[in-house]
Amino acid sequence: MRSVDYRSPTSKLELLVRALVVLALAVDALIHFRLAGNFSLAVPGGIAGGTLFRLQAGAAILAGIFLAVRGSRGAYALAGLVLLSAFVAVMLYRYVDVPAIGPIPAMYEPIWYFEKSLSAVATGLGAVLAGAGLLLQRGRKPQ
Amino acid sequence: MRFLTPLANLSTGPTGTSARRFGSSAAAGFLAVALVAGCGGDAEEQASPTGAAGETTSPSEPAATDTAPRSSAPEDGEAAPADAGAATQAPADEPEDSSEDAAVEEVVITISDFAFDVPETVAPGTEVTIRNEDRVGHTVTSDEEGLFDTLVAGGTEETFIVPEEPGEYSFYCRPHPNMIDTLVIG
C-alpha cells in the first residue's frame with residue numbers, strides 16, 4: 001500500500017493557492033496604477049486619490065514578489081493584509097459617504113464600473129485565498 | 001535551520017523543485033506586470049475606455065454622423081472655439097435682431113449623484129455652464145477626441161463652448177467612465 005504524505009513540504013494545492021493570490025495582487029496593482037491618473041482628477045485634495053492608488057499598487061507589487069519568492073506565513077499575511085485593505089476601501093467608499101479624514105480625502109463613489117468591479121472581486125477572493133494559504137502553512141511541519 | 005524552513009522545504013523532493021521553479025517564474029512574471037503597469041498606468045488617458053484623451057484615433061464616433069464635427073478640432077481639447085462662424089449656417093445677413101433675449105439665458109449641464117442632467121438641445125457655439133453638485137471632481141469629455149474636455153472640481157462650476165456643427169455628441173466623465181450622456185446641438 002502506497003502511503004501519501006499529506007504534510008508534504010510544498011503541496012500542489014499550496015502552489016495553486018499561492019499562484020492565485022499572486023494573480024490577485026497583480027490585478028490589484030494593475031488596476032490601481034491604471035486608475036490613479038483619473039482618480040487624481042476626481043479627488044485632488046489632501047493626499048490625492050491618485051497617490052493613494054499608487055501606494056496601494058506599490059504595496060501589492062512588493063507583497064506579490066515576496067509571496068512568489070518565499071511563500072512563508074509572513075508573506076501570506078502581508079498579501080492578505082494588502083488585499084483586504086484594498087477590498088475594504090473599495091466597499092467602504094462605494095456604500096458609505098466617508099468625509100475627509102485628515103489628509104485622506106473624501107472618496108465616496110456610489111457607482112460600479114468594470115475596473116472597479118474587477119478590482120473588488122480580485123481583492124476579495126485574493127484575501128480569502130491568502131487566509132487559506134496561511135492555514136495551509138500552519139498545517140506544515142517545520143523540517 | 002528553523003528560520004530557513006520555507007526555502008528548505010521548497011528545495012526538497014519533486015514538489016520542492018516545482019515550487020522553486022514556480023517562485024522564480026512567478027516573481028519574474030509579476031515584475032513584468034508591474035513594469036507594464038508602471039510604464040503606462042498613470043496618464044489620464046489610460047483609464048478612459050473610449051480613449052477620448054489619447055493620441056490615437058477615437059474608437060467611438062459621435063452618435064449622429066450626419067453632421068460630422070469639424071476636422072480642425074482645437075488642440076487643447078477645452079472647447080470648440082466660436083471663431084469658425086463662416087463654416088456654418090449663414091448668419092451673415094442677420095442684423096443682430098433685437099439682441100436676442102434667449103441668448104442671455106444660461107445653459108447648464110448639472111452633475112448630481114454621479115449623473116448628468118443635460119438640456120434637450122443646445123444652440124451651436126453656445127457657452128454652456130457645467131455645475132458639479134457632487135463632492136468629487138468630474139469631467140465632461142467628448143467621445144470624439146479633442147472636441148471638448150472640461151474638468152469641474154467638486155462643488156464648482158466651469159464653462160465651455162459647444163461645437164458649431166449641429167449633431168449629437170456623446171460624452172462621458174473620465175474618472176467615472178460609466179457616466180455617459182449625449183449633447184444635442186441644433
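This is a predicted model: local features need pLDDT of at least 70, side-chain atom pairs count only at pLDDT 80 or more; totals for chains, interfaces and linings use all residues.

Q: At what angle do H1 and H2 of chain A pack?
A: About 160°, with the axes 8 Å apart; H1 covers residues 12-42 and H2 residues 49-69. That angle makes H1(A) roughly antiparallel to H2(A). The crossing is left-handed.

Q: Which residues form the nonpolar patch on the surface?
A: A:Leu84, A:Val88, A:Leu92, A:Tyr95 and A:Val96, with about 430 Å² of accessible area together. A:Leu84 sits in helix H3 of chain A and counts as partly exposed at 43% relative accessibility.

Q: Switching to charges: how many salt bridges over all chains?
A: Six. One of them pairs A:Asp97 with B:Arg135 at 2.5 Å, N to O. A:Asp97 is in the loop between H3 and H4 of chain A and B:Arg135 in the loop between S3 and S4 of chain B, so this pair joins two chains.

Q: And B:Arg135, buried or exposed?
A: Exposed, with 53% relative accessible area.

Q: What does B:Asp149 form a salt bridge with?
A: B:Arg174, with the closest N and O atoms 2.9 Å apart. B:Asp149 lies in strand S5 and B:Arg174 in the loop between S7 and S8 of chain B, 25 residues apart. Both B:Asp149 and B:Arg174 are buried.

Technical notes: Residues are numbered from 1 along each chain as its sequence is written. Chains are lettered from A and ligands numbered from 1 in the order in which they are written. Side-chain values use heavy atoms; hydrogens and water are left out. Patches are made of residues with over 30% relative accessible area and no salt bridge: like charges are joined within 9 Å, nonpolar side chains (Val, Leu, Ile, Met, Phe, Trp, Tyr) within 5 Å. Accessible areas come from the Shrake-Rupley method with a 1.4 Å probe; for residues, only the protein chains shown count as cover. A salt bridge is a side-chain nitrogen of Lys or Arg within 4 Å of a carboxyl oxygen of Asp or Glu. Helices (H or I, at least four residues) and strands (E, at least two) are DSSP runs, numbered from the N terminus. Buried means under 20% relative accessible area, exposed over 50%, partly exposed in between (1.4 Å probe, protein chains only). Axes are lines fitted to C-alpha atoms, for helices over the stretch in contact, and angles run from 0 to 180 degrees between N-to-C directions. Angles under 35 degrees count as roughly parallel, over 145 as roughly antiparallel, 65 to 115 as roughly perpendicular and the rest as oblique. A crossing is left-handed if the near helix is turned anticlockwise from the far one by less than a right angle, and right-handed if clockwise.
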